[in-house]
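Open the model in your viewer and keep the selection tool ready. The tour moves from one selection to the next.

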Amino acid sequence: MTDATQNIGTTAGEGQFGDYWALLKPRVMSLVVFTAAVGVFVAPVSVHPFIAMVSILFIALGGGASGALNMWYDHDIDTIMKRTANRPVPSGKVAPGEALTLGLWLSFISVTMLGLASNWVAAGLLAFTIFFYAVVYTMWLKRWTPQNIVIGGAAGAFPPMIGWAVATGGVSVESVLLFCLVFMWTPPHFWALALFMNNDYTNAGVPMLTVTHGKRETRKQIFIYAVLLAPLAIGAAFTSIGGWIYLTAAIYLNAKFVWGAWKLWQREEADAEADIYTAEKAYFRFSLVYLFASFCALLLQAVWVKAGMGAW
């Protein structure tokens, strides 16, 4: 038995409320809440504020359920990685079985209540999202292929589509574009992180692209995905959810995102090591700003249009 396993076995059960809250990955949940809320608001169908609020709450619970199930299954490698070693399960504050139970119950509650509060299309999408993240990504892709982030990114891309379904009861070109925006953003975002956290993934045996193909190839792929993302993101401006506000923001944000990716690709590894991956960390932080600002622009565009000002 390893020291980490002994730690889990001897100290589990001492968790406080904050530890169980941490199981839900509140930072990720905040992104789920925001993108789902934008999906609801930019949809062409008005939703009663109470129904919208309750629906977003249950979408957030579904995201939290995914996080708890992920921490239950990944506690062995989380123990090894510095970035995750202090999570509730590997640190021994919460037993793995408790994380599993919480995740399963929250999954059931969130899907059932979302179906009752809004519609079963949205609930079905939420159920699939939880399954995809907990089973397809966490249990299979993450430890099997360097494409783990690429394919697994679908789980994080569903919330705005679910929000759209809450309002409309279906899926459309616009909701697919919202999905694509997050889906194509995910690889550059996480690969930028992997560039300066590569030792964690190497030690844990996670086949991140930096581990299997090296950092030079990872830098190249970051640039490729940033370039592929740009026309999708800008193209959304020419749909029913777009307009000049979003178009202006999209052009600026994507130009900066692509340019930053190009500079990362041209950067020598020796220079990155010398300045402790300053540029890579800055690009990772900007990727968060990019996604938040893109959805804020969509939100502002929708407010502008609903105020009767027109899209163009």
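Predicted model: local features only at pLDDT ≥ 70, side-chain atom pairs only at ≥ 80, totals over all residues.

Residues are numbered from 1 along each chain as its sequence is written, and side-chain values use heavy atoms, with hydrogens and water left out.

**Stop 1: the annotated spans**

Keep 94-114 on screen. Its end C-alpha atoms are 28 Å apart, and the span is 90% helix and 0% strand. Now switch to 120-140. Here the end C-alpha atoms lie 27 Å apart, with 100% helix and 0% strand. Helices (H or I, at least four residues) and strands (E, at least two) are DSSP runs, numbered from the N terminus.

**Stop 2: helix α8**

Select residues 148-168. This is α8, with 21 residues. From first C-alpha to last it reaches 31 Å, close to the 30 Å expected at 1.5 Å a residue. The expected span is 1.5 Å times one less than the number of residues.

Where does α8 bend? Go to A157: the bend there is about 35 degrees, and the proline P159 follows within four residues. The bend is the angle between axes fitted to the seven residues ending at a position and the seven starting there.

Colour α8 by burial. Buried means under 20% relative accessible area, exposed over 50%, and partly exposed in between (1.4 Å probe, protein chains only). In α8, 18 of the 21 residues are buried, so the helix is largely enclosed by the rest of the structure. Step past its end to G169, which has a positive phi near 75 degrees.

**Stop 3: the largest pocket**

Next, look for open space. On a 1 Å grid over the protein atoms alone, a cavity is a set of points where a 1.4 Å probe fits but cannot get out; a pocket is an open set with protein on both sides within 12 Å along at least five of seven lines; lining residues have an atom within 4 Å of a point.

The largest pocket holds about 1400 Å³ of space. Its lining has 49 residues, and K25, R27, V28, H189 and F190 are the closest to its centre. Helices supplying at least two lining residues each include α3 (26-42), α8 and α9 (173-196). By class, the lining has 29 nonpolar, 14 polar and six charged residues.

**Stop 4: the largest cavity**

Select L177, L178, L181, L232, A233, A236, I241, Y246 and L298. These line the largest cavity. The space inside is about 30 Å³. Which helix gives the most to this lining? The answer is α9, with three residues. The lining has nine nonpolar, no polar and no charged residues.

**Stop 5: two loop residues**

Pick K25, in the loop between α2 (17-23) and α3. K25 is not a glycine, yet its phi is positive, about 50 degrees. Is K25 buried or exposed? K25 is buried, with a relative accessible area of 12%.

Finish at I276, in the loop between α14 (269-274) and α15. I276 has a positive phi of about 55 degrees although it is not a glycine. I276 is exposed, at 57% relative accessible area.

Methods: Points joined across faces, edges and corners; volume = space filled by probe spheres on them. Nonpolar A, V, L, I, M, F, W, Y, C, P; charged D, E, K, R; others polar.
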